[in-house]
Amino acid sequence: MSKYVQEAKRLRAITEIHYNCAQAVVVPFAEEAGISEAVAMRMAANFGGGMKRASVCGSITGGLMVLGLFGVDDAQTIAEYYGKLKSRHEGFLDCAQLLRINKQKGQDKKPHCDGMVYECVELVEEILRNRKKIGNA
C-alpha cells in the first residue's frame, strides 16, 4: 500500500475532524504538490458530498484537483480517468447515483465512500507515476 493510500486511510479514520471525500484525496498529495494541508483542506472543503449537492462524487473531484496541482489537465488523460471510474461503477460518477446503487446492494455509506477515496487516490497516483510527476512511494 502506498504512502498516499495509507494517509487517506488515516484521514478517513479520524473522527475528531471530518475529512470529506475530496479532502481525503487531496491532502495526501498536498505537500508534494507544494501546498500546505490547510490550503488543501480549504480548497476541497466544498467538494465533499458531490459539491454538497450530490453531484459529481467528491473523491472524483478531489482526484481532478490533485491532477491539476501536478499540471495534468489534458483532455485525453481526464477522459481516461472518468472512463476507468465509470467502468467500475456502472457508468456513474455522481454521488447520488453511486450511493443509490450502493444502498440497493445493501451496503453502508461510510465504507462505500472510503472505498471511493482509496480508489481515486490509487488511480491518481497511477496517472502521476506514469507521467513521472511523482516517484515511487
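This report describes the overall fold of a predicted model and then its salt bridges.

**Overall fold**

The protein chain is built from 8 helices and 0 strands. Its order along the sequence is α-α-α-α-α-α-α-α. The radius of gyration is 14 Å, close to the 14 Å that the globule rule gives for 137 residues, so the chain is as compact as a globular protein of that length. The C-alpha trace spans about 40 × 40 × 25 Å along its principal axes.

Of the 137 residues, 46% count as buried. Among contacts with a separation of 6 or more, 61% are made by residues 24 or more positions apart.

**Charges and salt bridges**

The protein chain carries 19 positive and 16 negative side chains, and the centres of these two sets lie 3 Å apart. Side chains of opposite charge can pair when their charged atoms come close. Searching the whole structure gives 9 salt bridges. Three of them are listed below, each with the distance between nitrogen and oxygen.

| Salt bridge | N to O distance |
|---|---|
| Lys-3 and Glu-32 | 3.6 Å |
| Asp-114 and Arg-12 | 2.6 Å |
| Arg-129 and Glu-125 | 2.4 Å |

The side chains of Lys-3 and Glu-32 meet in a salt bridge. This pair links distant parts of the chain, with Lys-3 in helix 1 (residues 3-13) and Glu-32 in helix 2 (residues 21-33), 29 residues apart. Lys-3 has a relative accessible area of 46% and is partly exposed. Glu-32 is also partly exposed, and its relative accessible area is 37%.

Asp-114 forms a salt bridge with Arg-12. Asp-114 belongs to helix 8 (residues 109-130) and Arg-12 to helix 1, so the pair ties together parts that are 102 residues apart in sequence. Both Asp-114 and Arg-12 are buried.

The salt bridge between Arg-129 and Glu-125 is set within helix 8, where the two residues are 4 residues apart, about one turn of the helix. Arg-129 is buried because its relative accessible area of 18% falls under the 20% cut-off. Glu-125 is buried as well, with a relative accessible area of 8%.

Key: Residues are numbered from 1 along each chain as its sequence is written. This is a predicted model: local features need pLDDT of at least 70, side-chain atom pairs count only at pLDDT 80 or more; totals for chains, interfaces and linings use all residues. Side-chain values use heavy atoms; hydrogens and water are left out. A salt bridge is a side-chain nitrogen of Lys or Arg within 4 Å of a carboxyl oxygen of Asp or Glu. Buried means under 20% relative accessible area, exposed over 50%, partly exposed in between (1.4 Å probe, protein chains only). The radius of gyration is taken over C-alpha atoms; the globule rule is 2.2 Å times the number of residues to the power 0.38. Contact means heavy atoms within 4.5 Å. Lys and Arg count as positive and Asp and Glu as negative; His and the chain ends are not counted. The place of a charge is taken as NZ of Lys, CZ of Arg, CG of Asp or CD of Glu.
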